[in-house]
Amino acid sequence: MESTQSHIHLYYSLGMPPREISDTLGIPLKRVYHNLNTTDMGRRTLHYFPNLDTSLPQLNSAEHNRQLVVERHWPSKN
């Protein structure tokens, strides 16, 4: 499964359309789309908000809040 997922991401990053990836790997098109839409742990989604305050104090506050949310919803398994 892991090698198929890495092949899907490699082919997609090279510009191959999902239908061609499906045909090349011999897997259903639905599985290709599912693998492309599923984010890996640790991967971040970048959102662009043109009118957002991006000053250093605001960014530090946002990062601190992100860490609090992660700790609250996904506590480490110590």
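In this predicted model, the side chains of Arg66 and Glu63 meet in a salt bridge, with an N to O distance of 2.6 Å. The structure holds one salt bridge. Arg66 and Glu63 lie three residues apart in helix α4, and are therefore separated by about one helical turn. The protein chain as a whole has four helices and zero strands, and its largest nonpolar core has six residues.

- Side chains of opposite charge can pair when their charged atoms come close.
- Arg66 is partly exposed, because its relative accessible area is 31% and the partly exposed class lies between the buried limit of 20% and the exposed limit of 50%.
- Glu63 likewise counts as partly exposed, at 33% relative accessibility.
- Helix α4 spans residues 56–73 and also includes Val70.
- Val70 is partly exposed as well, with a relative accessibility of 32%.
- Together with Val69 and Trp74, Val70 makes a nonpolar surface patch of about 280 Å².

**Overall architecture**

- Read from the N terminus, the elements of the protein chain follow the order α-α-α-α.
- The protein chain comprises 78 residues, of which 14% count as buried.
- Its accessible surface amounts to about 6900 Å², and 56% of that surface belongs to carbon and sulfur atoms.
- Of the contacts between residues at least 6 apart in sequence, 35% join residues at least 24 apart.

**The nonpolar core**

- The six residues of the largest nonpolar core are Ile8, Met16, Ile21, Ile27, Val32 and Leu36.
- Beyond its neighbours within four places in sequence, Ile8 is in contact with Ile21, Leu25, Ile27, Val32, Asn35 and Leu36.
- Leu36 belongs to helix α3, which covers residues 29–37.
- Leu36 counts as buried because its relative accessibility is 19%, and the class requires a value under 20%.
- With neighbours within four places in sequence left aside, the contacts of Leu36 are Ile8, His9, Tyr12 and Pro18.
- One of these contacts, Tyr12, is 24 residues from Leu36 in sequence, while their C-alpha atoms are 8.3 Å apart in space.

**The two faces of helix α3**

- Val32, Asn35 and Leu36 are the buried residues of α3.
- Viewed down the axis of α3, these buried residues fall within an arc of 100°, so they line one face of the helix.
- The face turned away from the buried side of α3 carries the exposed residues Lys30, His34 and Asn37.
- An α-helix has 3.6 residues a turn, so residues three or four places apart point the same way.

**Helix α2 and the residue that follows**

- Helix α2, formed by residues 18–25, has Pro18, Ile21 and Ser22 as its buried residues.
- These buried residues also fall within an arc of 100° when seen down the axis of α2, and therefore line one face of the helix.
- Arg19 and Asp23 are exposed on the other side of α2.
- Pro18 of α2 is buried and is among the contacts of Leu36, whereas Ile21 of α2 is a member of the largest nonpolar core and is in contact with Ile8.
- Gly26 follows α2 and has a positive phi, near 70°.

Conventions: Residues are numbered from 1 along each chain as its sequence is written. This is a predicted model: local features need pLDDT of at least 70, side-chain atom pairs count only at pLDDT 80 or more; totals for chains, interfaces and linings use all residues. Side-chain values use heavy atoms; hydrogens and water are left out. Buried means under 20% relative accessible area, exposed over 50%, partly exposed in between (1.4 Å probe, protein chains only). Contact means heavy atoms within 4.5 Å. Accessible areas come from the Shrake-Rupley method with a 1.4 Å probe; for residues, only the protein chains shown count as cover. The arc is that of the directions from the helix axis to the C-beta atoms. Patches are made of residues with over 30% relative accessible area and no salt bridge: like charges are joined within 9 Å, nonpolar side chains (Val, Leu, Ile, Met, Phe, Trp, Tyr) within 5 Å. A salt bridge is a side-chain nitrogen of Lys or Arg within 4 Å of a carboxyl oxygen of Asp or Glu. A nonpolar core is a set of buried Ala, Val, Leu, Ile, Met, Phe, Trp, Tyr and Cys residues joined through side-chain atoms within 4.5 Å.
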